[in-house]
Amino acid sequence: MVELVDKKVFLSTTALEEFWDKNAKNGVFLGEWCKLYDRKQEYEKLKFDTLEYLWIKKDNIDEGIKYCEEIYPKVLNKLVFILNKQHNLDKDYLYWDILLKPWLTIYIQIIYDKYRHIKLAYEKYNSIYTYVLSEKSYQCIYIPVQFLSQVMNKDAYNLQLYSQIIRFLNIECTEIDFNIKTDEIYLKTKVSNKEIVLRTISRIFNKIFNKYTILIANPSFKQESIKKIFHLWLKSGFLFSFNNFKYDIDVKYDRNLQLRHKLFTIDDQDKSFENLVFNTFVYNFPILYLEGYSNFNEKVHNLNIPIPDMIYTSQLIHSNEIFKFYVADNYSKFIKCYGQHGGGYGVDVINIPEEIEKNYADIYFSYGWKEESKVRPLSMAPFSNDKITDNGEINLILNSMSRYFYKFTYQPESTKGGISLKNIQLFLNNLRNVYKVSVRLYLYDFQLNTKKILLNDNKLLSLDNETSYSQKLISSRLNIFSHFSTGHLESLSINKPTIIVIPADVYHFRDNAKPYIQKLKDANILFDNPIEASEFVDNVYGHIDTWWLSDKVQKVREEFCYLYSRTSENWADEWIKEFTSILENDARK
């Protein structure tokens, strides 16, 4: 690095080149997210340094999670007071915890990440200056999913967050107006006729034939979901009713910046991180929970959704505001059950969505693993009953993460996502033989340009996102995954030859999962060295069943699936038995 004593250093925080000082003699990119693949020639001209990424080392992630967990109750306690007073309520901590935790947990972590990297740049260089977004260009956030979408997809919104933090820390900066396409501030939910019919009929039959009501809300059945829902409904004698909490609600509000400054500007002299969080709330606290709260809450009440004895879901606490308002208002009136819906659950050292869901639930159902008294295994329906075939193809399934940090994880994210992609490039480039490799890209690319990067390495590479995911999974000779996810669990559960290729020192597993991770490695199912993985594929591709159907590999696969991807042909019977037992014993006791 160039000696920078007594020299100002320009800090670039995002990939928006309008906010780069291209005439700066000395500069630093805050992270790899600033450098888009298509703009390589531009950023290489600048000869800027790139700040190291803080969340590479496990110890740093551990400390970051711990710190944010300590901050969360302090922030929420203040919000409970502020929101109760503003809305003339007397709601308890748990009410607001259920309503806000899925968003607030992630929000604190995102602000902390940006705060720490800016502080690191400030401490590492003697004198930094930067360009920030003018406050009149800021946009407000209506609902939590809009916030996460903006963080994961929009450079301009990340610039807004960085700008707020830079101003708060009194770092030298110049304001620039920027025309941001602002999302219209409203919430509009619609329900289909199919949803209405299923909801109504299942409720009527349940009321006629049962004294209990178990409400299933978005259970995340992977394939033929309607067929599985009807199977469970009929098999149980109409014990289950179904409601995905989709209703026709259309509400729209204006932000009240005067009110927001009054509520969230606590002390200009207090430069603590906790105060920074409140300072950033002025623009980023969801309108739904402030200006829109009373009207939306009334609309949810007016839906008159019946109170069941139990609710089971595996998605809605993160994404459905009607569901969150309903549960927060009635949490003591029914048993709350939640189900796993991700491949890192039970395996990652700490999995943030898993922690949020377990916090919400009285009973938490896993794919097979146990942890604490509330976590129980529950078999899922088989991923597919279609015939397994072999078309001789290698099906390589890739994942992609946002360029910007969006939560603490012991898996590839932000800068670590680039490490994962390079890992797969090494794997592909070191295959000795010519195979029919079909690459399935992730649904979102986040301006990473993964397709172009891979094709630059191998122009003959086949990319296929058209064939259905399930069809590709059951018809390929070998499924290869670049990541730990639900996908590799599905592939293992249908007994399809499966290999997982992950970068070393990026994934970190909880202690009780490590023995089973090691068994996957010993069986050549899991590799953290891409060269060894490609050599193994070269060796077994022509006689893959010799490896895959061996007693050793099948034993490891069956043991792993029993703990982390348990399925059963009799899954409906198991669900009925388990839920009935919980009702009779009342899990809340």
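**View A. The β-α-β unit formed by β7, α7 and β8 in the predicted model**. Strand β7 (residues 214-217), helix α7 (residues 225-235) and strand β8 together make up this unit, which is right-handed. The two strands of the unit, β7 and β8 (residues 240-242), run parallel and are joined by 3 bridges. Within this pairing, isoleucine 214 lies opposite phenylalanine 240 of β8.

**View B. Pairing of strand β7 with strand β10**. Strand β10 comprises residues 310-313 and pairs with β7 in the parallel sense, through 4 bridges. Here isoleucine 214 is placed opposite methionine 310 of β10.

**View C. Side chains of strand β7**. Ile214 and Ile216 point one way from the strand, whereas Leu215 and Ala217 point the other way. Each of these four residues is buried.

**View D. Packing of helix α2 against helix α8**. Helix α2 spans residues 58-87 and helix α8 spans residues 257-264. The helices pack at an angle of about 140°, and their axes are 11 Å apart. Because angles over 145 degrees count as roughly antiparallel and those of 65 to 115 as roughly perpendicular, α2 is classed as oblique to α8. The crossing of the two helices is right-handed. On the α2 side, the contact is made by Leu79, Ile82 and Gln86; on the α8 side, Leu259, Leu263 and Phe264 take part.

Conventions. Residues are numbered from 1 along each chain as its sequence is written. This is a predicted model: local features need pLDDT of at least 70, side-chain atom pairs count only at pLDDT 80 or more; totals for chains, interfaces and linings use all residues. Side-chain values use heavy atoms; hydrogens and water are left out. Buried means under 20% relative accessible area, exposed over 50%, partly exposed in between (1.4 Å probe, protein chains only). Two strands pair if DSSP finds at least two bridges between them. A crossover is right-handed if, with the strands pointing away from the viewer, the path from the first strand over the helix to the second runs clockwise. Axes are lines fitted to C-alpha atoms, for helices over the stretch in contact, and angles run from 0 to 180 degrees between N-to-C directions. Angles under 35 degrees count as roughly parallel, over 145 as roughly antiparallel, 65 to 115 as roughly perpendicular and the rest as oblique. A crossing is left-handed if the near helix is turned anticlockwise from the far one by less than a right angle, and right-handed if clockwise. Contact means heavy atoms within 4.5 Å.
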